Number of protein chains: 2
Amino acid sequence: MKGYYKEDPWSIIEEGFDPGMQEASESIFSLGNGRMGQRANFEEQYSGESLQGTYLAGVYYPDKTRVGWWKNGYPEYFAKVLNAPNWIGIDVEIDGKMLDLHTCELKEFRRELNMRQGYLERSFTVVVNEKILNISVRRFLSMKRDEIGAIRYGIKSWDYTGPLAFTPYIDGNVVNRDSNYDEQFWEMEKTGATEGSGYLVAKTRKSGFVTCMTMGHELHLNQKNVDAGAKVIEKPDYVANRIESRVKSGDEIVFYKYASVLSSMNQHPSVIVEEGEKLLRSAMETGFDLLFKEHSDAWESNWAHSDIVIQGDTAAQQGIRFNIFQLKQTYTGKDDRLNIGPKGFTGEKYGGSTYWDTEAYMIPFYLSTATPDVSRNLLIYRYKHLEMAIKNGEKLGFHDGAALYPMVTMNGEECHNEWEITFEEIHRNGAIAYAIYNYIRYSGDRDYLAEYGLEVLLGISRFWQQRISWAEEKGKYVILGVTGPNEYENNVNNNWYTNKIASWTLKYTLEALAYVKETHPSAYDQIILRAGFKLEEETVAWKEILDRLHFPYHQELGVFLQQDGFMDKEQVMAADLDPAERPINQRWSWDRILRSCFIKQADVLQGIYLFEDEYDQETIKRNFEFYEPRTVHESSLSPCVHSILASRIGMEEKAYEMYLRTSRLDLDDYNNEVDEGLHITSMGGTWMSLVYGFGGMKVKEGLLEFNPFLPSSWKALSFTILYRGSILKVNINKKQVSIENPGSEDLDLLLCGSMAHLRAGGSVVADL
Amino acid sequence: MKGYYKEDPWSIIEEGFDPGMQEASESIFSLGNGRMGQRANFEEQYSGESLQGTYLAGVYYPDKTRVGWWKNGYPEYFAKVLNAPNWIGIDVEIDGKMLDLHTCELKEFRRELNMRQGYLERSFTVVVNEKILNISVRRFLSMKRDEIGAIRYGIKSWDYTGPLAFTPYIDGNVVNRDSNYDEQFWEMEKTGATEGSGYLVAKTRKSGFVTCMTMGHELHLNQKNVDAGAKVIEKPDYVANRIESRVKSGDEIVFYKYASVLSSMNQHPSVIVEEGEKLLRSAMETGFDLLFKEHSDAWESNWAHSDIVIQGDTAAQQGIRFNIFQLKQTYTGKDDRLNIGPKGFTGEKYGGSTYWDTEAYMIPFYLSTATPDVSRNLLIYRYKHLEMAIKNGEKLGFHDGAALYPMVTMNGEECHNEWEITFEEIHRNGAIAYAIYNYIRYSGDRDYLAEYGLEVLLGISRFWQQRISWAEEKGKYVILGVTGPNEYENNVNNNWYTNKIASWTLKYTLEALAYVKETHPSAYDQIILRAGFKLEEETVAWKEILDRLHFPYHQELGVFLQQDGFMDKEQVMAADLDPAERPINQRWSWDRILRSCFIKQADVLQGIYLFEDEYDQETIKRNFEFYEPRTVHESSLSPCVHSILASRIGMEEKAYEMYLRTSRLDLDDYNNEVDEGLHITSMGGTWMSLVYGFGGMKVKEGLLEFNPFLPSSWKALSFTILYRGSILKVNINKKQVSIENPGSEDLDLLLCGSMAHLRAGGSVVADL
């Protein structure tokens with residue numbers, strides 16, 4: 001479907017309506033504001049294929065696990081993102097006929113997602129009984145008031161004269177397509193309606209989340225507010241107002257629908273209706289135009305410190321902005337109970353909200369494009385789940401405070417049920433430790449260790465200690481039975497990446513212990529006490545592991561081996577595969593994939609990327625050249641790491657090739673699955689390949705560093721990042737790189753290998 | 001529940017009724033005749049917990065696969081054993097009150113499974129309005145007429161005078177408890193009833209099997225046939241006759257119900273009602289007593305060549321007879337489309353009918369206790385599935401006639417869906433090849449190779465060739481990514497057993513090719529042509545594999561290693577496990593089990609058992625002493641192999657200990673799951689540990705051999721086997737062993753290491 005959406009630097013544009021594309025477009029044109037999200041379903045009735053999606057951050061349903069063959073340790077429930085009551089609905093009747101874009105005579109359909117200002121707009125022309133009406137609908141979810149959504153539904157009659165009715169409603173009769181047992185997820189609590197307003201309160205079964213949605217409306221005829229009266233419709237799971245009006249040829253009628261969308265995440269159920277009505281009233285008093293102004297201002301300031309400009313390639317420009325836009329509307333960092341689901345607010349698939357994607361691919365993005373509290377909240381989210389992670393560990397036989405963070409979670413409990421992942425893909429635990437290090441490295445906030453970080457590190461390190469076993473005959477510690485980042489290997493021994501991140505965690509935890517002891521002695525004492533930490537015994541054990549952990553290595557080739565026995569596989573290159581057999585995960589049986597040497601996503605290279613400073617260029621190159629040809633990149637999270645490493649070792653073409661594989665993944669729907677929602681978490685990886693890869697950014701011992709290059713097909717690349725209170729604008733063209741510092745503080749940095757002093761308000765330049 | 005059933009050499013007896021035990025007893029007291037089976041559900045209404053189970057051999061439902069995370073290659077359907085319409089039902093009303101053993105006043109309940117004659121009998125006393133009635137019910141499924149079942153329901157009134165009504169019925173409204181999506185499996189086709197008879201025809205959804213059940217009855221009052229008339233009740237899914245009668249104090253009333261149970265496996269649907277009625281009429285003309293005589297005669301001749309007598313241990317005696325009885329009523333060997341399901345006719349769990357259990361644990365039993373055609377039919381069953389096995393291979397990426405037999409099947413299609421088993425537990429393929437060898441070795445029927453065997457061997461060997469890969473650096477062929485018989489390891493490399501049976505298959509196929517070429521040249525040419533076998537190319541490749549296949553071996557310990565890297569595991573002994581943690585499959589998470597060195601069932605030892613002659617006593621001993629302490633025997637198929645090997649190496653106590661673990665598995669309900677059905681396939685293993693283990697039986701190059709010993713707590717052990725046309729009675733006591741040959745042909749054999757000539761009608765004796 002490459003080319004279906006028009007190229008534009010700031011907008012995604014669909015011209016002409018293709019019902020077969022509607023579910024894909026519903027994903028692409030999704031809106032969110034961190035607190036709630038909405039697929040681009042139509043307001044008016046639509047009888048074609050559609051995936052209704054209204055999502056409330058943090059509100060989930062514990063869907064009973066479905067499994068073929070139960071294994072001990074599987075979780076009972078899988079927390080599913082919930083499709084919530086529909087608050088956007090407005091039935092529109094023209095001349096007594098329900099407007100439905102699937103059945104009506106439709107002309108000149110255009111849909112635009114304006115990313116600069118954060119709104120969705122549809123314009124189309126319908127012919128009703130040979131009369132023509134132009135319709136234009138704008139919708140946004142306020143970034144300023146994150147419980148408010150507003151819709152402007154404008155109809156201009158070209159030559160139609162006759163009745164026109166609007167029925168705005170809230171509908172609680174909604175389902176999840178991705179439910180395991182077709183259970184009802186919502187129970188209706190109450191509804192209420194008066195002429196001009198309505199509300200619906202619903203509660204999730206089992207998890208007991210309450211939502212209240214309220215609505216109000218205004219009708220303008222030829223720019224004048226008119227009171228057309230409203231008929232109230234109220235059912236147990238539905239409230240509506242029916243507003244009947246008339247238009248003449250040339251009239252312009254604008255219907256405004258305002259809604260407040262609250263949940264018990266933030267409001268006590270006893271006052272939720274009252275609060276909802278209060279917020280709604282205030283929004284209506286502000287009015288659509290001012291609400292929109294507030295909202296688009298918020299987006300403007302957002303872009304000011306996160307935009308990336310690519311000159312000479314509109315498709316790439318559109319792609320990267322789309323990614324930034326989606327990330328920003330998925331997670332705003334205000335609430336440490338929220339996280340970033342794989343589909344964000346754009347679909348219900350995969351459920352859960354939190355994978356190791358957050359630590360590995362999201363935190364770098366938020367570190368550089370938002371204030372430190374945003375990433376910090378993502379860290380605190382895990383801190384708050386420490387108890388649960390310890391319980392999860394206990395369920396699997398660990399003890400004494402060993403924490404195994406879940407593979408997929410909403411509230412800290414494990415949701416995933418596939419033994420080779422759930423129980424074995426334990427490297428995720430390391431990513432959570434690494435994120436603490438990464439946050440501190442970038443922000444300089446070392447106090448975080450004393451406040452939250454050390455406790456999490458202790459739990460994770462204890463897990464590693466118990467999970468690592470002694471192989472007597474080898475005379476080495478080993479980690480048996482794991483799945484690495486490359487999920488095309490299951491239950492392997494000594495996955496190099498896992499062993500690497502495990503040993504690194506132990507080392508970092510020892511450092512963190514020493515640091516906190518020295519700088520925050522009383523916090524230190526409390527942490528040690530609370531964790532029941534046996535300092536001598538446990539740290540000695542860790543050091544012993546650090547001394548004697550086995551790392552598979554191929555002496556002759558000089559490469560780290562992905563796991564024990566990797567070289568026993570037939571060594572075939574991905575390029576030699578019959579194209580008809582790709583992607584192999586759709587063509588090959590699982591055992592065949594497992595036996596092959598093909599790698600789903602960066603594994604050894606993921607480790608080299610994380611610990612780049614430990615390896616010289618030659619080592620990185622050898623490993624890259626060994627693994628890249630064996631990697632099929634069938635995870636959207638893979639190419640970004642390869643792109644960054646290729647940038648590091650000067651393989652600029654390969655870096656660009658890898659970048660292209662992610663940048664427009666959803667817009668061009670490479671995997672033909674965008675109808676299910678967007679790949680939100682891979683978007684962070686795309687950003688990383690631009691800024692860390694092409695931009696060559698690094699932070700090393702408190703010093704920011706850039707070693708950029710410009711892909712040859714581009715004219716220029718600029719990006720803006722936040723770093724320790726400064727805003728930096730990095731501009732790269734064919735010849736040079738400049739960094740502007742519009743802020744008020746000087747900054748020393750390393751640019752293309754040389755130290756540079758960047759004055760407040762000034763800039764530095766280097767030749768490329 | 002040890003001790004719940006009374007010890008008796010020939011019967012299983014329950015005294016007193018415990019509703020909490022009803023589902024377990026329904027399994028234990030199951031009846032079958034190879035063509036159909038019936039759990040011991042009561043004829044009259046029963047409102048307590050009960051698992052209704054009426055099974056028709058070969059009739060299944062393709063239940064849609066249920067899976068948590070779909071993997072390429074999984075089958076769409078799982079063939080489920082079907083609970084069929086209920087033909088045993090007889091509602092009994094006494095004084096207008098429905099007889100129900102769950103609610104009535106019950107005295108002196110006794111239930112007996114008489115294994116010698118193959119019937120189930122219940123006797124009990126009920127008190128109705130303070131009046132006493134003795135009831136006695138006998139049921140059997142005719143071994144002579146395998147589509148006929150008969151019930152004698154006798155009531156003696158002690159002091160009751162009043163009305164008594166019988167309502168025999170056939171009820172199509174039945175369900176499977178173990179269905180994946182609560183689907184209806186049966187559709188009703190038609191019913192018909194007249195005064196005195198009725199029939200019901202039902203058809204399975206999707207698979208389209210048709211069954212017709214007919215019924216007729218007779219009523220005897222004080223030994224006289226009476227015609228009490230009958231009221232016909234007919235619904236779309238139910239037919240019944242209601243017969244009203246009266247009794248006086250002292251009267252004895254006997255109600256006979258006869259049924260014919262037909263399926264489209266054997267009858268064309270267009271004539272199935274007619275045929276059913278014909279069979280029913282003939283049975284009724286024969287009458288209950290003569291039918292029973294035929295049936296019990298059939299059992300008598302069955303026992304004549306399969307009984308085992310243990311003196312000095314009634315529990316052991318009962319246990320082994322129970323096992324033989326169940327095996328004999330599950331599979332009679334008449335039909336090469338049938339096989340032996342893990343639950344036989346005693347429950348619906350696990351579905352499918354055929355696992356590698358048949359080849360590994362059943363064929364030895366049937367070889368020795370039935371004529372060769374019975375085992376031969378089990379082999380032909382697989383021959384008929386060869387095409388499907390090749391298709392199954394193709395689904396997983398194999399080609400050119402490579403056959404992978406399914407893990408679980410009914411009709412040749414794979415049913416199982418758990419990747420580590422379905423795709424990886426490929427050693428099953430070897431067991432199917434071995435069974436051909438085993439059958440020929442025992443029966444001497446080498447022509448089987450030309451007729452059927454070679455084609456199967458070719459398909460399996462081609463699979464091994466493609467599945468085996470070359471490990472360049474090792475300079476060895478390897479088999480990667482398998483699950484061995486020990487399912488507590490998944491996705492391992494070079495499982496010794498798998499490599500062993502794979503290479504053995506290649507070698508045996510080469511021998512079979514040569515043999516058939518020499519002895520059946522024209523059959524040979526046809527086989528080669530039909531299989532498109534490239535003689536030179538393929539056999540050269542096999543020989544190369546035979547030369548250079550890797551077998552993990554531990555030099556220092558002198559043991560075959562279960563798989564690559566086995567010694568990297570922590571070597572803990574099962575005896576050192578906390579008893580509270582056992583069975584580990586109920587206490588430990590799956591990953592923990594996988595990482596441990598604990599072995600679910602004989603793996604290396606399974607290979608040593610199969611190829612015993614290749615290893616000297618010392619090698620067997622070293623391996624046994626290494627693996628036995630690491631084996632937790634959490635499969636019912638494990639202890640028998642350990643028992644046999646322990647017998648071989650003179651560890652008599654260990655052999656007996658292992659034997660005890662299987663012999664009364666179901667009767668004493670060790671795993672607390674007998675309510676779901678019996679462990680039919682493990683019963684073959686129990687038999688093997690007696691005859692192969694204690695009896696020390698072997699066949700080597702056409703020569704039968706015995707090296708027996710008697711467990712010290714027994715007085716004597718005798719067993720009867722069939723061998724190449726002879727019936728041999730082996731009697732072992734503390735001092736000596738004698739073998740009688742009541743047949744008409746002389747036989748040479750090896751007894752306790754010495755050649756013996758056993759004359760027809762004579763016997764040989766050896767001291768122990």
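Two residues count as in contact here when heavy atoms of each lie within 4.5 Å. With that in hand, here are some close-ups of this predicted model.

**View 1. The neighbourhood of Ile721(A) in the nonpolar core.** The largest nonpolar core holds 468 residues, and those touching the most other members are Tyr153(A), Ile721(A), Tyr153(B) and Ile721(B). If we set aside neighbours within four places in sequence, Ile721(A) is in contact with residues including His305(A), Ser368(A) and Tyr442(A). Its other contacts include Trp687(A), Val691(A), Met697(A), Leu704(A) and Phe706(A). Ser726(A), Ile727(A) and Leu728(A) also belong to this list.

View 2. H7(A) runs over residues 386-395, and Leu386(A), Ala389(A), Ile390(A), Asn392(A) and Gly393(A) are buried in it. These residues lie on the same side of H7(A) because they cover an arc of only 155° around the axis. An α-helix has 3.6 residues a turn, so residues three or four places apart point the same way. Look to the other side of H7(A) and you will find Glu387(A) and Lys391(A) exposed.

**View 3. What surrounds and follows H7(A).** Helix H6 (372-384) and helix H10 (447-467) of chain A are among the elements covering the buried residues of H7(A). After the helix comes Gly397(A), with a positive phi near 100°.

Methods: Residues are numbered from 1 along each chain as its sequence is written. Chains are lettered from A and ligands numbered from 1 in the order in which they are written. This is a predicted model: local features need pLDDT of at least 70, side-chain atom pairs count only at pLDDT 80 or more; totals for chains, interfaces and linings use all residues. Side-chain values use heavy atoms; hydrogens and water are left out. Buried means under 20% relative accessible area, exposed over 50%, partly exposed in between (1.4 Å probe, protein chains only). Helices (H or I, at least four residues) and strands (E, at least two) are DSSP runs, numbered from the N terminus. The arc is that of the directions from the helix axis to the C-beta atoms. A nonpolar core is a set of buried Ala, Val, Leu, Ile, Met, Phe, Trp, Tyr and Cys residues joined through side-chain atoms within 4.5 Å.
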